[in-house]
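Dear colleague,

Here is the structure I said I would pass on. My notes on it follow below.

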Amino acid sequence: MTDGIGAGATRRYAIGPASGLHDMPMRVSLIGDSIRMNAEPFVRDRLPQRFRLTSPSVNCESSHKVAECIGDWVPRDEVDLVHINCGLHDIRYDPGRDRPVATPEEYVANLRKIFAHLAAS
């Protein structure tokens with residue numbers, strides 16, 4: 001498993017019995033929209049007890065909002081694993097608008113900002 005995207009991925013983690021990490025507590029953060037919110041109870045029920053799951057109480061919506069709030073939702077050095085789900089709100093067309101919430105260029109820029117924060121953690 002690697003963190004970051006593309007060539008920026010620098011740290012590698014092996015999780016399994018041989019790694020010594022298999023029995024250690026794991027701090028996991030779920031970030032995402034209503035899909036995350038609806039799936040979260042099932043994820044909580046299925047994760048081993050050693051996993052400590054955190055998530056925002058709000059719908060994280062688009063990549064704009066995630067990029068803006070990632071520092072509050074995932075403080076540096078406080079989680080081991082982050083699962084992010086954002087993108088559907090980005091392709092949405094709001095009434096009266098002639099473009100999606102985020103252009104492809106804005107979406108990529110937001111993802112870079114999000115992953116830069118995570119990579120520095």
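Met26 has Phe51 as its bridge partner in S2. Please keep in mind that this is a predicted model. The pair belongs to the contact between strand S1, residues 26–32, and S2, where four bridges join the two strands and the direction is parallel.

The sheet as a whole is open and has three strands, in the order S2-S1-S3, with parallel pairing. Strand S2 (51–54) and strand S3 (81–85) are the edge strands, each pairing on one side only. From one strand to the next, the twist averages 20°. As background, strands of a sheet pair through backbone hydrogen bonds, in either a parallel or an antiparallel way.

Helix H1, residues 34–46, packs on this sheet and touches S1, S2 and S3. The direction of H1 makes about 150° with that of S1.

Stepping back to the whole protein chain, there are three helices and three strands. Read from the N terminus, the elements run β-α-β-α-β-α.

Some overall values for the protein chain:

- Of its 121 residues, 31% are buried, that is, under 20% relative accessible area.
- Taking contacts between residues at least 6 apart in sequence, 63% join residues at least 24 apart.

Regards

Definitions and conventions. Residues numbered from 1 in each chain as written. Predicted model: local features only at pLDDT ≥ 70, side-chain atom pairs only at ≥ 80, totals over all residues. Heavy atoms only, no water. Pairing = 2+ DSSP bridges. Axes fitted to C-alpha atoms, helices over the stretch in contact; angles between N-to-C directions. Contact = heavy atoms within 4.5 Å. Buried < 20%, exposed > 50% of the residue type's maximum accessible area, 1.4 Å probe, protein only.
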